[in-house]
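Reader: I'm new to this one and would like a close look at a single part. Could you show me the structure before I pick a spot?

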Amino acid sequence: MGGLPSNTRFLHIGPHKTGTTAIQGAFNMARSRLAEHGLTYVGKGRQPGKAAQQAAGRPPMFGAEHGSNHWQRLVGEVEATGDQRAIISSEFFCESDDDAARRIVEDLDASRVHVVVTLRPLTKILSAQWQQYVQSGLRVSYEDWLDAVFNRPPEERPNPTFWRRHDQGELVSRWAGIVGPENMTVIAVDDSDRGMLLRSFEELTDLPEGFLVPDDTQENRSLSYGETEFLRRFNREFRSQDWDTLLYGRYIRRGAVRHMKVQYQPTREEAVIRTPEWAMERAAKVGAESAATISTLGTRIMGDLGVLSDLPDNRVGDPGIPVLPPQAAAHAVFGAVAAGRDAEAAAKEAGESAAQKAAAA
């Protein structure tokens, strides 16, 4: 699966909850070593999320703001790599419609772009996406969200881009139609083989086996059902007030939730959010249809597309009664307070700096 031209620009478009954090973390840690193999991991930090959101035409996350020119700056970084290979990875690229996807490919030089898509069974993505949407301000319960995703028309869904992300057959078809199937690799992720995903990227980019290693410091674990319900009910209170939404990003997502994720690890039993059988069966059917569609497109395929229709028994059932352990709650409150303290310190420092400049003038 390797052997692509030495000036290839790899564009990994996700989608969400398909191992993107693991891939991005591994490449981010390997930055200094990639140059030896003619590769550059483009962007600052783990992934260029704001640039990808701008390019896809996506509004900023609830409680955040875009700023300006993120995408053009990223394109400039890509161009600065010259004839070397470049790797650009963000799951937000998958939200592009046809026009946005075409612009992204053209901006990166269509003759050099190779699109990479990572796919996991939709049955394993449903609960992970719901809790992620809650982290972005969603107020809808899991059961109501599932009903909206599968049974309501697009205009009535709380997250209208869900199927743009996760209609896997349509997603691959859209991008293959733009770059050509020969310029696209689909990786069907095998969750039973923990090293498969990084090995696939090593093979794709002609890196030695074992070159990419997991970043164990990541803070992107999913929330448990109790943690998610705690946050969802907070969202209802927060969004009922006429408050600045930037407060949410500063004190909740980057404060309370981030600290809770890092400092508290739920048990394996806590971590699984069970999904009603009817929704799991529908998701498995969509996965089987997507696998059939992708298999006819002529893209390069790594792994077994059959995994897309998996229906894991241990994830089927009623979500149950949400329980938030006291330790998790304590870490969340501490994180919010710490974020407030940091904001006050930054404001004080900025005020003192401004006063010093005024006095010097």
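Reader: Let's start with Gln132: which helix does it lie in? Please take it from there and walk me through the surroundings.

Author: Gln132 lies in helix α6, residues 122-134. Before going on, a word on what you're looking at: this is a predicted model, where local features need pLDDT of at least 70, side-chain atom pairs count only at pLDDT 80 or more, and totals for chains, interfaces and linings use all residues. Residues are numbered from 1 along each chain as its sequence is written, and side-chain values use heavy atoms, with hydrogens and water left out. Helices (H or I, at least four residues) and strands (E, at least two) are DSSP runs, numbered from the N terminus.

Back to Gln132. With a relative accessible area of 19%, Gln132 is buried; that word means under 20% relative accessible area, while exposed means over 50% and partly exposed is in between, using a 1.4 Å probe and protein chains only. Set aside its neighbours within four places in sequence, and Gln132 is in contact with Lys17 and Asn220. Contact here means heavy atoms within 4.5 Å.

Now step back along the chain. The loop between β4 and α6 holds Arg120, and its side chain meets that of Asp191 in a salt bridge (3.0 Å, N to O). The term stands for a side-chain nitrogen of Lys or Arg within 4 Å of a carboxyl oxygen of Asp or Glu. This pair ties together distant parts of the chain, 71 residues apart, since Asp191 sits in the loop between β5 and α10 (196-204). Arg120 is buried, at 13% relative accessible area, whereas Asp191 counts as partly exposed at 33%. By the rule above, the count of salt bridges comes to 16. Among them is the one between Glu227 and Arg221 (2.9 Å, N to O), and both of those residues are buried. Another brings together Glu269 and Arg274 (3.4 Å, N to O). There, Glu269 is exposed at 54%, and Arg274 is partly exposed at 23%.

On to strand β4, residues 113-119. Seven of its seven residues are buried, so β4 is largely enclosed by the rest of the structure. Both of its faces are covered: Val113, Val115, Val117 and Leu119 are on one side, with His114, Val116 and Thr118 on the other. As for its strand partners, two strands pair if DSSP finds at least two bridges between them. β4 runs parallel to β1, joined by four bridges, and Arg9 has Val113 as its bridge partner in β4. β4 also pairs with β5 (residues 184-188) in the parallel sense, over five bridges; Thr118 finds its partner there in Ile187.

An α-helix has 3.6 residues a turn, so residues three or four places apart point the same way. After α4 comes Gly82, with a positive phi near 65°.
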